[in-house]
Amino acid sequence: MSEKYSISTRAEFVLRLAAAGVLIGTGLRGVLHDLPLRALFWDADWWTWFAHLFGYSWKEWVTSAAVDHGINMLDFSIGLLLVITGLYVLLFKRWKLLRGRPGSFAFKCLYLPWFFLLIQYFLNFKEAFWQLGNLLEHSLQIVVLPLWLFVLGVKNFGWSGLGAAAGETEQKGLLRVMRLSIAFTFIGHGFYAAGIHPVPANFVMMTQSGLGVGESAARSMLLTVGVLDFAAAGLLLLPWKRAWYIALSWIIPWAILTTLARLWSYGGLVDGHTLFTQWIPEVIIRLPHVLVPMALLLFLQARTQVQGEVKGQ
């Protein structure tokens, strides 16, 4: 008889918070600030045909107040949809809207918001001149919604019938996806911190502001952090549970610090309106960087406990 593992309720809850965070944070960015839609609509190579279709020359298209207003409205509409979806995910147990099976209408309602998230990350990738680190560092934000839906489906329904516990295959697959997405995210961070890609000015500024050091010291610290990011990612890719625990002992506290750094570094540099409209959404968006590693830790602890109980029987 094969072993059975129940999925930790706490881990599922943490993943739900992470999925809600990326939806709400990205939505607030669209409602209060800006999504990267102009990287698409103002790209002459990709969009000139569309401007001509509506009778605009390219110069008229990019300088049109009506077109700019339309992009802003699309920004706001997508942002509002993402915020509503994030609240839907956050409160789903109270509303009981996601109790249907995977593939039900309630689940399908989440496909469109996830598509908009994918479009945003593609446009971020484009704006970053196709730097691999940009794509990798968003891995957790990209996968967290389908990851939570997978956990929800397995937890509530299994793959072998209503109420079935998650089996060994589902558990191993889930842990593998979580480890890979966390590792890819921190490899992406490392590409920028270590200078493989140009070090972003805001990385240097946040380090200087948060720690009170000069630019040279900030860059040296970032290089060290980049090396540690690579080391932690490498440990997660190894097939040993002890290596995963060591990696998480660095990843979780560092993810908390870098997520909150948006607040303490910019809190004294920008006015309250800018902090609220730009940097608080950035903090919320990065919740998966903290919460998915925490969920992985909870899964590992739950598996260890169940394996101990099985051996004791």
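This is a predicted model: local features need pLDDT of at least 70, side-chain atom pairs count only at pLDDT 80 or more; totals for chains, interfaces and linings use all residues.

Mentor: A search of the whole structure finds one cavity of 30 Å³ or more. A cavity is a set of points on a 1 Å grid over the protein atoms alone, where a 1.4 Å probe fits but cannot get out.

Residues are numbered from 1 along each chain as its sequence is written, and side-chain values use heavy atoms, with hydrogens and water left out.

Lining residues have an atom within 4 Å of a point. Around the largest cavity they are Thr26, Leu35, Leu37, Ile78, Leu82, Phe116, Ile119 and Gln120. Six are nonpolar, two are polar and none is charged. Helix H8 gives the most, with three residues. Helices here are DSSP runs (H or I, at least four residues), numbered from the N terminus.

Now the open space. A pocket is an open set with protein on both sides within 12 Å along at least five of seven lines. The largest pocket has a volume of about 1200 Å³. Its lining counts 42 residues, and Asn202, Phe203, Met206, Arg262 and Arg286 lie nearest the centre. That lining has 20 nonpolar, 14 polar and eight charged residues. H14 gives the most to it, with seven residues.

How values were computed. Grid points are joined across faces, edges and corners, and a volume is the space filled by probe spheres set on the points. Helices (H or I, at least four residues) and strands (E, at least two) are DSSP runs, numbered from the N terminus. Ala, Val, Leu, Ile, Met, Phe, Trp, Tyr, Cys and Pro count as nonpolar, Asp, Glu, Lys and Arg as charged, and the others, Gly among them, as polar.
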